[in-house]
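Visitor: I'm new to this one, and I'd like to learn how to read it. Could you walk me through it?

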Amino acid sequence: MVTVHLHQLIFHGFHGLYPGEEKIGNDFEVNLDVEYHVKKDKYDSLKHLVNYEEVYEIVKARMAVPTPLLEEIGDSIIGKIHHRFSNVTRITISIHKLNAPIQRFNGKVGISIDLIFD
């Protein structure tokens, strides 16, 4: 089993339900772990591995699409990664809004999704 980690990815996006979020935007942090089996222990070529650059491009492209709910974004990213890499067995993603529009709130809010594939 191999796990590819992409952590502390920062994107500016226009996600959220609150008025104005679709115009002003916010900064988001994405953390992603992708577990998979390597076919016949072949570590000699990217064609046998989950390429973290391709995973990053999937995340980047999806984070650029304005979406009201973080859960929808996370689920979509998981689906796109699993579609691209069929040997993936588990994906864990967290997405945090770094500047939540909540009065007198200091911190970040977010969601996590952990999906295991058979």
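What follows is a short chat about the features of this structure.

Guide: First, the ground rules: this is a predicted model, so local features need pLDDT of at least 70 and side-chain atom pairs count only at pLDDT 80 or more, while totals for chains, interfaces and linings use all residues. Residues are numbered from 1 along each chain as its sequence is written, and side-chain values use heavy atoms, with hydrogens and water left out.

Visitor: Which elements does the chain have, and in what order do they run?

Guide: Helices (H or I, at least four residues) and strands (E, at least two) are DSSP runs, numbered from the N terminus. Here there are three helices and four strands, and from the N terminus on they go β-α-β-α-α-β-β. The C-alpha atoms fill a box of roughly 55 × 20 × 20 Å along the principal axes.

Visitor: How many of the residues count as buried?

Guide: Buried means under 20% relative accessible area, exposed means over 50%, and partly exposed is in between (1.4 Å probe, protein chains only). Of the chain's 118 residues, 41% count as buried.

Visitor: What is the aromatic pair here?

Guide: Rings of Phe, Tyr and Trp (its six-membered ring) pair if their centres lie within 6.5 Å; planes under 30 degrees apart are stacked, over 60 edge-to-face, and the rest tilted. The structure holds one such pair. It is formed by phenylalanine 11 and tyrosine 56, stacked at 6.0 Å centre to centre with 25 degrees between the planes. Phenylalanine 11 belongs to strand 1 (residues 2–13) and tyrosine 56 to helix 2 (residues 52–63), so the pair ties together parts 45 residues apart in sequence. Phenylalanine 11 is buried at 8% relative accessible area, and tyrosine 56 is partly exposed at 29%.

Visitor: Where does the charged end of arginine 84 sit?

Guide: A charge sits over a ring if NZ of Lys or CZ of Arg is within 6 Å of the ring centre and within 35 degrees of the ring normal. In this model, the charged end of arginine 84 is over the ring of phenylalanine 85, 4.4 Å from its centre.

Visitor: And what does the side chain of histidine 15 reach?

Guide: Let's start with polar contacts: a pair of N or O atoms within 3.5 Å, where, within protein, one must be able to donate a hydrogen and the other to accept it, and residues adjacent in sequence count only if both atoms are side-chain atoms. The side chain of histidine 15 reaches the backbone nitrogen of threonine 67 at 3.1 Å, and one of its polar atoms lies 2.9 Å from the backbone oxygen of methionine 63. Histidine 15 is in the loop between strand 1 and helix 1 (21–24), and is buried, with a relative accessible area of 1%.

Visitor: Is glutamate 29 buried or exposed?

Guide: Glutamate 29 is buried, at 12% relative accessible area. Its place is in strand 2 (residues 26–36), and its side chain makes a polar contact with that of lysine 108 (3.5 Å).

Visitor: Which residues have a positive phi without being glycine?

Guide: Among them are glutamine 8, with phi near 60 degrees, and arginine 104, with phi near 55 degrees. Glutamine 8 is found in strand 1 and is exposed, at 60% relative accessible area. Arginine 104 is in the loop between strand 3 (88–97) and strand 4 (109–116), and counts as exposed at 82%.
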